[in-house]
Amino acid sequence: MRPDTLLGLANLTVPRKPGRGPTIHPDPLAGPASAARAVGLPRLDPPQLATLRELHKTIVQQVDGLLSGRSVAGPAARLTKLAQPSTATVRLDVNENRTLRARLEWSEPTPAATLARRVALELAGIDIARLKRCERPACNLAFYDTTRSGTQRWHAESPCGNRERQRRYRAASSLSSPPERR
């Protein structure tokens, strides 16, 4: 399972091009229309925006706590409370060959409850040790390490992996090159 909803909300307000000129980043949660686009919803009513902001804040605190080793009991309780309106009903289906199959149908009362439920299920289904922060000093994105060895260091090879290797190469080259003669 990949925690796409968790990471999307955790990284929602993190600048994507740090250290490159003035930091003018519009807040994706500033209004209902931009918030709906940011989280992939068809629309979002203005009263639901405050709950979505609370969910975002809770997820950021949850991820920061998991990555730093701090307690996540408070954010976990708030996430549970936000997901509570989303309830499941068991539906029993009968196939043509008379086999029975049970499935859960989730209610979708509010967008925040739906997203909170998804995040809670994602957190329960992932290996928390593979949830990491990009090691490039200029980047602050969280990612989920999907490598077999569990040694992924950057959220993406391009740009962070390439830029970090370039930075290390330039630092090593400047130390080992002889001084210029005039």
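Which way do α2 and α3 cross, left-handed or right-handed? Their crossing is left-handed, a label used if the near helix is turned anticlockwise from the far one by less than a right angle (right-handed if clockwise).

**View 1. The whole predicted model.** This is a predicted model, where local features need pLDDT of at least 70, side-chain atom pairs count only at pLDDT 80 or more, and totals for chains, interfaces and linings use all residues. Residues are numbered from 1 along each chain as its sequence is written, and side-chain values use heavy atoms, leaving out hydrogens and water. You'll find 6 helices and 4 strands here; helices (H or I, at least four residues) and strands (E, at least two) are DSSP runs, numbered from the N terminus. Along the sequence, the pattern goes α-α-α-α-β-β-α-β-β-α.

**View 2. Where α2 meets α3.** Helix α2 (residues 32–39) packs against helix α3 (residues 46–68) at an angle of about 50°, with the axes 10 Å apart. Axes are lines fitted to C-alpha atoms, for helices over the stretch in contact, and angles run from 0 to 180 degrees between N-to-C directions. Touching here (heavy atoms within 4.5 Å) are Pro-32, Ala-35 and Val-39 of α2 with Pro-46, Leu-49 and Leu-52 of α3.

View 3. Strand β1 (residues 88–94) and strand β2 (residues 100–106) run antiparallel, paired over 7 bridges; strands pair if DSSP finds at least two bridges between them. Look for Leu-92, whose bridge partner in β2 is Ala-102. The hairpin leaves 5 residues between the strands, and Arg-98 in the turn has a positive phi of about 65°.
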